[in-house]
Amino acid sequence: MSNAPGGFFRALPRGTRNWAVRRGFAALLALAVSIAPAVALSGTIERVDPAVAARLRVLDCSHVGADDVANVLARAPAPRIVLLQGSVAIVTMEPFARFLIAMGYPAERLANPRDGALSYDSFGDSALLAGELAFDYERTGLAPMLIGHSQGGMLALRTLYELAGEFHDELHVVDPATGRTLDRTAIADPHSGRERPVIGLHVAYVAALATGWLPRLLLGQWSMLPRMRKVPDTVDEFTGFSLPHDAIAGNLLGERLYVASGRAHVRNVTLPSRYHHVALPRVEHPAATPAIRSWIDAWSPDSHVALPPGDTENLVHAVDIWYSIKRHWCLQARHLLDAAGS
């Protein structure tokens, strides 16, 4: 995995070599992007206070505390995070969003631009979601993040395969505020100033919570069965969270680990057996308890500290995901400073 954001487009997959020839607007787009990316990025960074920028430059992105979130990251641009709920939305991902907001993440970067909802339907179209991510990246220069529960984890993984060109030779840009598919399959890369196809977009971070093969089988999602535990190169960091003997996910006889098909950094985390598949998004309570919140703020994967006293239900994945979000938020905000020459 590369720890340096900005390389969100890598070598292009099959079917994209002649994309510009096939699209008549390519020359016009090239003229437009020759100046637009620099203007967009500099405009974003101009909104960051110089004192905040100075602190951001020296911030240790692997150890971001509560003060760093409140007084540095919260005053800098934030990546889009898409929270994808399970197939039977008895519990949506809204409680998880409320946890992130309470910890300091901007609510507007979690909300669906179309309707303001904090939880996305996991039966959505992965090609359209990929197009929406491209739209956001073009305007912000920030690689998005995806967090999916159960079926939502499948859609997150499928979206990575969409961006790798597994299902389509081309993907259209989609306006997330209207849901309208735009008449182009390329964006202006805000860092390089070059025109790039949607296919090849690189996501910063993906987390999949209790995503198993059995629902894929029952729902007829055949194309994802051989891909369920292989993570493509269209993501920097992927973390898969599993429950032991999870009947809903279909791992009563054991769990297959996620593996990288190439260069992605992939982690597997086994959750406590007392956790329940359906209730995993219910994580808003830890942020409301001062002692537990302080523990969350100080946690890192190498800390090896015991859980704090109190109600720690679902805390294991909540703190792990929050740590990764803070890290990628910090890295990308800092990269924007470099890209804008601030």
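**Salt bridges**

I searched the whole structure for salt bridges and got 13. I counted a pair when a side-chain nitrogen of Lys or Arg was within 4 Å of a carboxyl oxygen of Asp or Glu. The model is predicted, so I note its limits: local features need pLDDT of at least 70, side-chain atom pairs count only at pLDDT 80 or more, and totals for chains, interfaces and linings use all residues. Residues are numbered from 1 along each chain as its sequence is written, and side-chain values use heavy atoms, with hydrogens and water left out.

I looked up Arg55 and Asp68, whose side chains meet in a salt bridge at 3.5 Å, N to O. Arg55 lies in helix α4 (residues 50–58) and Asp68 in helix α5 (residues 66–71), so this pair ties together parts 13 residues apart in sequence. Helices here are DSSP runs of H or I with at least four residues, strands are E runs of at least two, and both are numbered from the N terminus. For burial I took under 20% relative accessible area as buried, over 50% as exposed and anything in between as partly exposed, with a 1.4 Å probe and protein chains only. On that scale Arg55 is partly exposed at 33%, whereas Asp68 is buried at 14%.

Next I took Asp338 and Arg57, a salt bridge with its closest N and O atoms 2.9 Å apart. Asp338 is in helix α11 (residues 315–340) and Arg57 in helix α4, so the pair links distant parts of the chain, 281 residues apart. Both ends are partly exposed: Asp338 has a relative accessible area of 46%, and Arg57 has 34%.

I then checked Arg267 and Asp320, where the closest N and O atoms of the salt bridge are 2.9 Å apart. Arg267 lies in strand β11 (residues 265–270) and Asp320 in α11, so they tie together parts 53 residues apart in sequence. Arg267 is partly exposed at 22%; Asp320 is buried at 5%. I also noted that salt bridges with shared partners join Arg55, Asp67 and Asp68 into one network.

**Helix α4**

Which residues of α4 are buried? I found Val52, Ala53 and Leu56. Seen down the axis of α4, the buried residues fall within an arc of 100 degrees, so they line one face of the helix. I took the arc from the directions between the helix axis and the C-beta atoms. Pro50 and Val58 are exposed on the other side of α4.

The buried residues of α4 pack against α5 and α11, contact being heavy atoms within 4.5 Å. At the start of α4, I saw that a side-chain oxygen of Asp49 comes to within 2.8 Å of the backbone nitrogen of Ala51.

**Nonpolar cores**

I defined a nonpolar core as a set of buried Ala, Val, Leu, Ile, Met, Phe, Trp, Tyr and Cys residues joined through side-chain atoms within 4.5 Å. The largest one has 57 residues, and those with the most contacts inside it are Phe99, Leu100, Tyr105, Ile296, Ile321, Trp322 and Ile325. At least two residues of this core come from each of α4, β1 (81–84), α6 (94–103), β2, β7, α10 (290–298) and α11. The largest share, 13 residues, is from α11.

A second, separate core has 33 residues, including Ala130, Ala134, Tyr137 and Ile187. As background, nonpolar side chains tend to be buried together in soluble globular proteins.

**Strand β7**

Is β7 (residues 203–209) mostly covered or mostly open? I found it mostly covered, with seven of its seven residues buried. I called two strands paired if DSSP finds at least two bridges between them. Strand β2 (residues 145–149) pairs with β7 in the parallel sense over five bridges, and Gly148 has Ala208 in β7 as its bridge partner. Strand β9 (residues 235–242) also pairs with β7 in the parallel sense, over six bridges. There, Ala207 has Thr239 in β9 as its bridge partner.

**Ser126**

Last I looked up Ser126, which is in helix α7 (residues 126–140). Ser126 is buried, with a relative accessible area of 3%. Not counting residues up to four places away in sequence, Ser126 touches Leu155, Arg158, Thr159 and Glu162.

Note on methods: Polar contact = N/O pair within 3.5 Å; in protein donor to acceptor, adjacent residues only side chain to side chain.
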